[in-house]
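Hi,

Here is the structure I promised to pass on. Have a look at it first, and then read my notes below.

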Amino acid sequence: MKGLSSLERIVLECLGKQSLSFDEIHSQSGLHENVCFNILQALIIRGILSTSGQTYQINQNISSIMMEEINGIEAKQAESLELIEAVLEQKQNRVFRFQKVAMDARDEKIFLAMLSNLDSFLQDAHKKAQNEVAIKDRKVIFWGVGEVQTLMNQVVTGR
């Protein structure tokens with residue numbers, strides 16, 4: 001499989017630059033025990049993780065080709081799609097809005113400025129709380145804007 005699934009990426013985010021035991025990864029990720037174990041084993045087999053006694057850590061000698069496979073544009077797009085699909089299928093605590101909106105040039109500029117402010121807020125909030133909030137308790141937030149004609153052409157061409 002090219003890239004990483006969102007589950008594999010969660011495990012890597014838990015580890016970061018530290019070594020953790022299975023129980024710590026399991027607790028931080030919120031994954032079911034058997035799923036967590038299987039993901040760890042798969043990442044070891046792929047050479048992305050290594051073990052030292054009872055702890056796991058990210059392999060520091062990952063090739064540049066593997067790093068591109070893990071962190072390249074295609075991998076990030078696949079992960080984003082996987083997470084967006086999960087948000088759309090979420091049954092409880094669902095907050096999701098999607099609509100087509102007519103905007104004149106002035107309102108579009110205001111909207112883009114608001115998105116910029118939102119982006120700054122989210123970056124600051126993450127930086128402030130990333131060491132205190134467990135991976136499993138973090139939020140997935142997405143937003144975007146596209147022109148209807150451009151999006152419809154993408155649907156037609158598949159690009």
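Let's start with a term you'll need: a crossing of two helices is left-handed if the near helix is turned anticlockwise from the far one by less than a right angle, and right-handed if clockwise. Helices (H or I, at least four residues) and strands (E, at least two) are DSSP runs, numbered from the N terminus. With that in hand, α2 and α3 cross in the right-handed sense.

A bit of background: this is a predicted model, where local features need pLDDT of at least 70 and side-chain atom pairs pLDDT 80 or more, while totals for chains, interfaces and linings use all residues. Residues are numbered from 1 along each chain as its sequence is written, and side-chain values use heavy atoms, leaving out hydrogens and water.

Back to those two helices. The angle between α2 and α3 is about 115 degrees, and their axes are 10 Å apart (axes are lines fitted to C-alpha atoms, for helices over the stretch in contact, and angles run from 0 to 180 degrees between N-to-C directions). On the α2 side, Phe22, Ile25, His26 and Ser29 meet Glu33, Cys36, Phe37 and Leu40 of α3 (contact means heavy atoms within 4.5 Å).

There's one aromatic pair in the structure. Ring centres of Phe22 and Phe37 are 6.5 Å apart and the planes are at 70 degrees, so this pair is edge-to-face (rings of Phe, Tyr and Trp, using its six-membered ring, pair if their centres lie within 6.5 Å; planes under 30 degrees apart are stacked, over 60 edge-to-face, the rest tilted). Phe22 sits in α2 and Phe37 in α3, 15 residues apart. Phe22 counts as buried at 18% relative accessibility, whereas Phe37 is partly exposed at 41% (buried is under 20% relative accessible area, exposed over 50%, partly exposed in between, with a 1.4 Å probe and protein chains only).

Now the core. The largest nonpolar core has 19 residues, and Leu43 is among those touching the most other members (such a core is a set of buried Ala, Val, Leu, Ile, Met, Phe, Trp, Tyr and Cys residues joined through side-chain atoms within 4.5 Å). Its largest share, four residues, comes from α3.

Last, the sheet: three strands form an open sheet in the order β1-β3-β2, with antiparallel pairing (strands pair if DSSP finds at least two bridges between them). The edge strands are β1 (20-21) and β2 (49-52). Ser21 stands opposite Thr55 in β3, and α1 lies across β1, β2 and β3, at about 100 degrees to β3.

Cheers
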